[in-house]
Amino acid sequence: MMQLKDLLYKVTINAVSGSTQVDVIDIHFDSRKVALNDVFVAIRGTVTDGHKYIDKAVGQGAIAIVCESMPKNIVNGVTYVLVEDTMSALARIATNFYGNPSHNLKLVGVTGTNGKTTVSSLLYQLFSKAGYKVGLLSTVKIMVADTEYNATHTTPDSLSINYYLKLMNDAGVEYCFMEVSSHGIDQKRTEGLHFEGGIFTNLSHDHLDYHHSFAAYRDVKKSFFDHLPKTAFALVNLDDKNGLVMLQNTKATKYTYALKSYADFKAQILENQFNGLLLKIDGQEVWTRLIGSFNAYNLLAIYAAACLLKLDTLEILRHISELESVSGRFQYFISNGKVTTIVDYAHTPDALRNVLETINSIRTNNESLITVVGCGGDRDRTKRPDMANIAATLSTKVIFTSDNPRSEDPQAIIDDMEVGVEPQLVNRLLSIVDRKQAIKTACQLAQPGDIILIAGKGHETYQEIKGVRTDFNDFVIAKELLNQLNK
């Protein structure tokens, strides 16, 4: 229990009606969860406006309301706190409520279009192998030392972030690696957190349904680095043209990594095969189980970050050689019938191109490459034709199918994709709305030695159609279907 006045420390307040010297039990931004003596923070979201539910929250016993506009109905005994931005206020209140937990560990944020999950998850692995207690906040899962929790968002809401960071404090966690999404930055979910460092992977076409322009998307990512403290490091991919943009206004100490440019941390790909990569990192050779040039960037970022966090360089390289690929990120198996199947989360044009180019750089071209891919519903529609044309251009055969259609008509999404395919490539194309049937067709088409790429959903274990989620795991389904065909 805390007093409201202590929760409001560092919150920009425009006006107060009532007393701030009242005891608070809990904080909520979902009115359905409010109970006696709780604070309700009214958030203006993309779907609904929390201000509509102030009366409901008061009826359920809220002791205080934090809002951007005062309600018409002011109830005696309830404190109303008027603020400029309730998202920002919620983040500050959350850090105060949980005792500023980010100050009690070394928190590193990873942002960019692709690679966030891989970099943060592999850093978690590496530091765990080095003997530290480590935390992870990622798309795939949340880890508090060895305890796993389900993740619902790339960057959780600010209450959840601080809740998990507090659990990490209680468990003695020393380092935490966190994916920082553009939505999370824009919605102030990371405000009030103390970062030891920030890592920028790359920037390409994504989330334009939310940000509306690439410049706006880039600037949101940049704002994360703008707000890093002087004591932090800012580590960016110099081979991405937006890398230096991220550093323009940061107060943090600036570092760069690259495969192609002169940078603080350098790497070179010596061998690239289906069983791994041989890299030379800062003059030292290291063999890793991960595959592809995009993973060479991820591994170099991990190496650089670990160096900046003062781990021994030879120890870092030894642990890098032991790292295992992240669920749904270039995750592959070879069936008894000698068909190689790769499952990858690639759901942006750039990520899909990276994965397909990696496969094509390794294969001999005597085998076929069959790609199964879809695009998510209720998301950026402008990337659909681009992804379709990339898949058709870089595959022997491509099957367009459903990803998570959400509220959209699955066939309409496929129609949007087909528009992007160049006429001379149309003969490579099949369209099958049912995703399981599309994967089954790919398995039936594949001959011994062929490669199947199933792209878009990666680690996800569900498919969402018309608001209903059903169990669906690309990796498991492909394995079962190929085993059945082999029998």
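Here is a short chat about the predicted model shown above.

Student: How many helices and strands are there in the chain?
Tutor: The chain of this predicted model has 16 helices and 26 strands.

Student: What share of the residues count as buried?
Tutor: 57% of the 487 residues do. Also, 65% of the contacts with a separation of 6 or more come from residues 24 or more positions apart.

Student: Switching to rings: how many aromatic pairs are there?
Tutor: The count is 15 aromatic pairs. One of them is Tyr-132 with Tyr-175, and that pair is edge-to-face because the planes sit at 80°, with the ring centres 5.1 Å apart.

Student: Where in the chain are those two?
Tutor: Tyr-132 is in the loop between α4 and β9, while Tyr-175 is in strand β12, 43 residues apart.

Student: Is Tyr-175 buried or exposed?
Tutor: Tyr-175 counts as buried, at 6% relative accessibility, whereas Tyr-132 is partly exposed at 29%.

Student: What about Phe-274 and Tyr-332, which way are their rings set?
Tutor: That pair is tilted, since the planes are at 40°, and the centres lie 6.3 Å apart. Phe-274 is in the loop between β16 and β17, and Tyr-332 is in strand β19.

Student: Which residues do ring pairs link into a cluster?
Tutor: Phe-97, Tyr-98, Tyr-149, Tyr-163 and Tyr-164.

Key: Residues are numbered from 1 along each chain as its sequence is written. This is a predicted model: local features need pLDDT of at least 70, side-chain atom pairs count only at pLDDT 80 or more; totals for chains, interfaces and linings use all residues. Side-chain values use heavy atoms; hydrogens and water are left out. Helices (H or I, at least four residues) and strands (E, at least two) are DSSP runs, numbered from the N terminus. Buried means under 20% relative accessible area, exposed over 50%, partly exposed in between (1.4 Å probe, protein chains only). Contact means heavy atoms within 4.5 Å. Rings of Phe, Tyr and Trp (its six-membered ring) pair if their centres lie within 6.5 Å; planes under 30 degrees apart count as stacked, over 60 as edge-to-face and the rest as tilted.
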